[in-house]
Amino acid sequence: MTWRRNSGPSDGSVMKVDLVGGYYDAGDNMKFGFPMAFTTTMLSWSVLEFGDHACWERPEDMDTQRTVIKIDKNSPGTDDAAETAAALASASLVFRKQ
């Protein structure tokens, strides 16, 4: 991509350490260790715990049958419902008017 190029090639040079590379946390061009470490840990553990994800392909190329699972009184899913509610509630705080 011609519009992309190296960024922060002298990161850390003031303290005589090499901090080039890594991941930006958000659009403010800050590099924080914990968000990257947390995300990488979660992704790594999910592969270790649920290694049945043997199919890595573009969604556009999917040709398998899609399984549908619903939560109701006959098929409870309290964990998923509670975690989804918490996620939506916390996201609502991001978008609330100040």
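Colleague: How do you know that the side chains of R58 and D61 meet in a salt bridge?

Modeller: The N to O separation of R58 and D61 is 3.1 Å. A salt bridge needs a side-chain nitrogen of Lys or Arg within 4 Å of a carboxyl oxygen of Asp or Glu, so this pair qualifies. In general, side chains of opposite charge can pair when their charged atoms come close. Please keep in mind that this is a predicted model, where local features need pLDDT of at least 70, side-chain atom pairs count only at pLDDT 80 or more, and totals for chains, interfaces and linings use all residues. Residues are numbered from 1 along each chain as its sequence is written, and side-chain values use heavy atoms, with hydrogens and water left out.

Colleague: How many salt bridges does the structure hold?

Modeller: There are two. Besides R58 with D61, the side chains of K70 and D72 meet at 3.6 Å, N to O.

Colleague: Why is K70 called exposed?

Modeller: Let's set its value against the cut-offs: buried means under 20% relative accessible area, exposed over 50%, and partly exposed in between, with a 1.4 Å probe and protein chains only. K70 has 58%, so it is exposed.

Colleague: What makes V14, M15, V17 and L19 a nonpolar surface patch?

Modeller: Patches are made of residues with over 30% relative accessible area and no salt bridge; like charges are joined within 9 Å, and nonpolar side chains (Val, Leu, Ile, Met, Phe, Trp, Tyr) within 5 Å. V14, M15, V17 and L19 make a patch of about 450 Å². V14 has a relative accessible area of 76%, so it is exposed. V14 lies in the segment before α1, a helix covering 33–49.

Colleague: How many helices and strands does the protein chain have?

Modeller: It has two helices and zero strands. Helices (H or I, at least four residues) and strands (E, at least two) are DSSP runs, numbered from the N terminus.

Colleague: How do you know that the protein chain is more spread out than a compact globule?

Modeller: Its radius of gyration is 20 Å, well over the 13 Å that the globule rule gives for 98 residues, so the chain is more spread out than a compact globule. That radius is taken over C-alpha atoms, and the rule is 2.2 Å times the number of residues to the power 0.38. The C-alpha atoms fill a box of roughly 60 × 40 × 30 Å, taken along the principal axes. Buried residues make up 2% of the 98 residues.

Definitions and conventions. Areas by Shrake-Rupley, 256 points an atom, 1.4 Å probe, with all protein chains shown as cover.
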